[in-house]
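Please find below a few numbered remarks for a colleague who is going through this model. They follow the aromatic rings, then the surface charge, and then some points of the backbone.

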Amino acid sequence: GGATLLNGKIYRIPATKDFIFKNLFGVNGKEENLKGLLEVILKIKIQSLEIQNPELPKKYEKAKKGILDVRAKIKNGTSILIEMQVQDQNNLGERITFYLCTLYISTIESGEKYDTIDKTIAIAIINFSYFNRKEYHQIAHLKFEECEDINEMAGEIKGEEAKIITDKLELHIIDLEKFRKIKAPKGELAQWLNLIIGNEEEI
């Protein structure tokens, strides 16, 4: 995060501030910061990544414009976007899904096969609680519902039943309000989140 001097004392400016978050994770030269954060959120090892222009490409002139806080592409081709939201505008689900789908379809050109589309991951770090979930790190996919109508059952499943439609769309919500309620949170993700919210004494 950043810092400011007030009455002779240094105060940490939380990275929940938009410009601090972008400067910490979304500019060239800060790839190692972004790589470290993404590795603990996604639980993967990242060899290298490229920080990209945060403006989402528009497929046609009148399409809604989207400007992200951070946009990156990792070496395996996966596209990632991160949004920091401080205020609840009562549209998080729709907003982050719009960004996710817009970035997803931008990775394929006319004439290419659908199975060549790159995996796309959206991460929303929010300073409020939005979804009624017990965990502060919430992960979602486009998934199947359990069938409750016996008349729609059509036989046994051979092997493991499919749980998601595709693994190429993935959504992560980091709920900072729920995170703050945990006493002495543990783990690498907790260390990054304490840095973001300015809890230096917890790091």
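Predicted model: local features only at pLDDT ≥ 70, side-chain atom pairs only at ≥ 80, totals over all residues.

1. A residue is called buried here if its relative accessible area is under 20%, exposed if that value is over 50%, and partly exposed in between.

2. The structure contains six aromatic pairs. One of them joins F128 and Y130 in an edge-to-face arrangement, with the ring centres 6.5 Å apart and an angle of 65° between the planes. F128 has a relative accessibility of 7% and therefore counts as buried, whereas Y130, with a relative accessible area of 25%, is partly exposed.

3. Y136 and F179 form an aromatic pair that is likewise described as edge-to-face, at 5.1 Å from centre to centre and with 65° between the planes. Because Y136 belongs to the loop between β6 (120-126) and β7, while F179 sits in helix α4 (residues 176-180), the pair ties together parts that are 43 residues apart in sequence. Both partners are under the cut-off for burial: Y136 is buried at a relative accessible area of 15%, and F179 is buried at 2%.

4. Ring pairs also link F21, F25 and W192 into a cluster, which a reader may wish to display together with the pairs described above.

5. Which residues make up the patch of negative charge on the surface? The patch gathers E145, E146, E148 and E161.

6. L49 is part of strand β3 (residues 49-51), where it is buried with a relative accessible area of 15%. Although L49 and A72 are separated by 23 residues in sequence, their C-alpha atoms are 6.7 Å apart in space.

7. K43, which is not a glycine, has a positive phi of about 55°; K43 lies in the loop between α2 (31-42) and β3 and is exposed, with a relative accessible area of 64%. A184 is not a glycine either, and has a positive phi of about 50°; A184 is located in the loop between α4 and α5 (188-197).

Key
Residues numbered from 1 in each chain as written. Heavy atoms only, no water. Patch = residues over 30% accessible without salt bridge, like charges linked within 9 Å, V, L, I, M, F, W, Y side chains within 5 Å. Areas by Shrake-Rupley, 256 points an atom, 1.4 Å probe, with all protein chains shown as cover. Salt bridge = Lys/Arg side-chain N within 4 Å of Asp/Glu carboxyl O. Lys, Arg positive; Asp, Glu negative; His and termini not counted. Charge placed at Lys NZ, Arg CZ, Asp CG, Glu CD. Phe/Tyr/Trp six-rings, centres within 6.5 Å; stacked < 30°, edge-to-face > 60°. Buried < 20%, exposed > 50% of the residue type's maximum accessible area, 1.4 Å probe, protein only. Helix = DSSP H or I, 4+ residues; strand = E, 2+ residues; numbered from the N terminus.
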